[in-house]
Amino acid sequence: MMIIPHLILRKDSKILLTRRSPTNKIWASHWHCVTGSIEAGESPKEAIIREAKEEIGIKLQDVTLETTVFLIEKDYFNSMKKFYALELFFVSDLGDDQEPTNLEPSKQDSLGWFDPYKLPEPMIPGIAFGIKSYFNNQRYVEFRNV
C-alpha cells in the first residue's frame, strides 16, 4: 500500500489544481492537487511541503492534515489487479506574498484556481473524492472504485 500526500491550497474561496501533462504515463491530462512521493526519511507533511516548493515554487507556512482517504481502485496498468493507497489531504492557505508557478512543465501543463464545488474535468477520481470529502468536513473516508 502506498501513502500519498496531497495539498489543498486555498485562496479567495478557490483551490489550486494542476493538470497532468498529456505525455504522462498515469492519468494524462487529468486535474489533481499538488502531490508527490515520500522520500526516505521524510514524514508525509515534510513531503508535501517539499513537493509544493518543487512543483509550484511556494513555501508553505502552515499545513494541516485534514482528510484521510483509504483508496482501493483498479490498477491503472492492469485492471485485473487492485491498487491500495492511503491518501492524505493536507490543507494550507496561500500567503499574499506568494504566487504559484509551474516549475515542472514536463509533468504538468497547467495550473488553475477552481471553485471546490465545481471541479474541472477530467479529474483523477480519488483526488476529486478527497477534495469533496474535505469540504464536507469528513476526516476519514473510504473510496472504492473497483
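1. Two rings of Phe, Tyr or Trp (for Trp, the six-membered ring) are called a pair if their centres lie within 6.5 Å; planes under 30 degrees apart count as stacked, over 60 as edge-to-face and the rest as tilted. By this rule the structure holds six aromatic pairs.

2. This is a predicted model, in which local features need pLDDT of at least 70 and side-chain atom pairs count only at pLDDT 80 or more, while totals for chains, interfaces and linings use all residues. Residues are numbered from 1 along each chain as its sequence is written, and side-chain values use heavy atoms, with hydrogens and water left out.

3. One of the aromatic pairs is W27 with Y76, a tilted pair with 5.2 Å centre to centre and 55° between the planes. W27 lies in the loop between β2 (14-20) and β3 (31-32) and Y76 in the loop between β5 and β6, so the pair ties together parts that are 49 residues apart in sequence. Helices (H or I, at least four residues) and strands (E, at least two) are DSSP runs, numbered from the N terminus. W27 and Y76 also belong with F77 to one aromatic cluster.

4. The cut-offs are under 20% relative accessible area for buried, over 50% for exposed, and in between for partly exposed (1.4 Å probe, protein chains only).

5. Y134 and F135 make another aromatic pair: their ring centres are 4.7 Å apart and their planes stand at 75°, so this pair is edge-to-face. Y134 is buried, with a relative accessible area of 12%.

6. The largest nonpolar core has 22 residues, and those with the most contacts inside it are I8, L17, C33, L119, M123, I127 and I131. A nonpolar core here is a set of buried Ala, Val, Leu, Ile, Met, Phe, Trp, Tyr and Cys residues joined through side-chain atoms within 4.5 Å. At least two residues of this core come from each of β1, β2, β5, β6, α2 and β8 (140-145). The largest share, four residues, is from α2. A second, separate core has 13 residues, including L9, I56, I58 and L88.

7. Which residues does I127 touch, leaving aside its neighbours within four places in sequence? I127 is in contact with H6, H32, C33, E87 and F89, where contact means heavy atoms within 4.5 Å.

8. The largest pocket has a volume of about 870 Å³. Of its 33 lining residues, I4, R20, I26, W27 and T35 are the closest to its centre. The elements giving two or more residues to this lining are β1 (2-11), α1 (44-56), β5 (64-74), β6 (82-93) and α2 (125-135). On a 1 Å grid over the protein atoms alone, a pocket is an open set of points where a 1.4 Å probe fits, with protein on both sides within 12 Å along at least five of seven lines; lining residues have an atom within 4 Å of a point. Grid points are joined across faces, edges and corners, and the volume is the space filled by probe spheres set on the points.

9. Some backbone details remain. A cis peptide bond, with omega about -10°, joins E121 and P122, and P122 lies in the loop between β7 (108-114) and α2. S29 is not a glycine, yet has a positive phi of about 60°; S29 sits in the loop between β2 and β3. N137, also a residue other than glycine, has a positive phi near 60° and is placed in the loop between α2 and β8. At 69% relative accessibility, N137 counts as exposed.
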